[in-house]
Amino acid sequence: KYLSDFMGPEAESLDSSRLLHEEVDAFEAALIKKTLAKCRTHEEAAHRLGISLSTLTRRLRQVKNDGQL
């Protein structure tokens, strides 16, 4: 219950059988996807996420390779 209070609806998708880094990766992928949907460009999304464009590009590539996006 506490986690859902803290994270909101995203907590519903948490899978207790996954390792921490798998949960972090899934959360990061969801946050990137949500941010990209709200932004017109990757540059704007990177700015909103507080990361560089090259970091966003690298993480997008990782997420796509993992099949999370």
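Predicted model: local features only at pLDDT ≥ 70, side-chain atom pairs only at ≥ 80, totals over all residues.
Residues are numbered from 1 along each chain as its sequence is written, and side-chain values use heavy atoms, with hydrogens and water left out.

**View 1. The overall plan of the protein chain is α-α-α-α, read from the N terminus.** Among contacts between residues at least 6 apart in sequence, 25% join residues at least 24 apart; contact means heavy atoms within 4.5 Å.

**View 2. Helices H2 and H3 cross at roughly 125 degrees.** Two packed helices are described by the angle between their axes and the distance between the axes. For H2 (residues 20-38) and H3 (residues 42-49), the axes come within 9 Å. Axes are lines fitted to C-alpha atoms, for helices over the stretch in contact, and angles run from 0 to 180 degrees between N-to-C directions. H2 and H3 are therefore oblique to each other (angles under 35 degrees count as roughly parallel, over 145 as roughly antiparallel, 65 to 115 as roughly perpendicular, and the rest as oblique). The crossing of H2 and H3 is right-handed; a crossing gets that name if the near helix is turned clockwise from the far one by less than a right angle, and is left-handed if anticlockwise. To find the contact, look for Leu-31, Ile-32, Thr-35, Leu-36 and Lys-38 on H2, and for His-42, Glu-44, Ala-45, Arg-48 and Leu-49 on H3. These residues of the H2 and H3 contact divide into five nonpolar, two polar and three charged (Ala, Val, Leu, Ile, Met, Phe, Trp, Tyr, Cys and Pro count as nonpolar, Asp, Glu, Lys and Arg as charged, and the others, Gly among them, as polar). Leu-31, in helix H2, is partly exposed, with a relative accessible area of 39%. Leu-31 and Leu-49 are 18 residues apart in sequence, and their C-alpha atoms are 8.7 Å apart in space.

**View 3. Helices H2 and H4 make a left-handed crossing.** Their axes come within 11 Å and cross at roughly 120 degrees. On the H2 side you will find Glu-28, Ala-29, Ile-32 and Leu-36, which meet Leu-56, Arg-59, Leu-60 and Val-63 in H4. By class, this contact of H2 with H4 has six nonpolar, no polar and two charged residues. Lys-33 also sits in helix H2, and counts as exposed at 53% relative accessibility. Lys-33 and Leu-60 are 27 residues apart in sequence, with 9.1 Å between their C-alpha atoms.

**View 4. Helices H3 and H4 pack at an angle of about 100 degrees.** Their axes are 9 Å apart, and the two helices are therefore roughly perpendicular to each other. His-42, Glu-43, Ala-45, Ala-46 and Leu-49 in H3 meet Leu-53, Leu-56 and Leu-60 in H4. The contact of H3 with H4 has six nonpolar, one polar and one charged residues.

**View 5. His-42 is a residue of helix H3 that counts as partly exposed, at 40% relative accessibility.** Leaving aside neighbours within four places in sequence, His-42 is in contact with Leu-36, Leu-53, Leu-56 and Leu-60. Thr-57 and His-42 are 15 residues apart along the chain, and 8.2 Å separates their C-alpha atoms.

**View 6. The largest nonpolar core holds six residues.** Its members are Ile-32, Cys-39, Ala-45, Ala-46, Leu-56 and Leu-60. A nonpolar core is a set of buried Ala, Val, Leu, Ile, Met, Phe, Trp, Tyr and Cys residues joined through side-chain atoms within 4.5 Å. H3 and helix H4 (53-65) are the elements that give two or more residues to this core. Ile-32, one of the core residues, is in contact with Leu-49, Leu-56, Arg-59 and Leu-60, leaving aside neighbours within four places in sequence.

Key. Helix = DSSP H or I, 4+ residues; strand = E, 2+ residues; numbered from the N terminus. Buried < 20%, exposed > 50% of the residue type's maximum accessible area, 1.4 Å probe, protein only.
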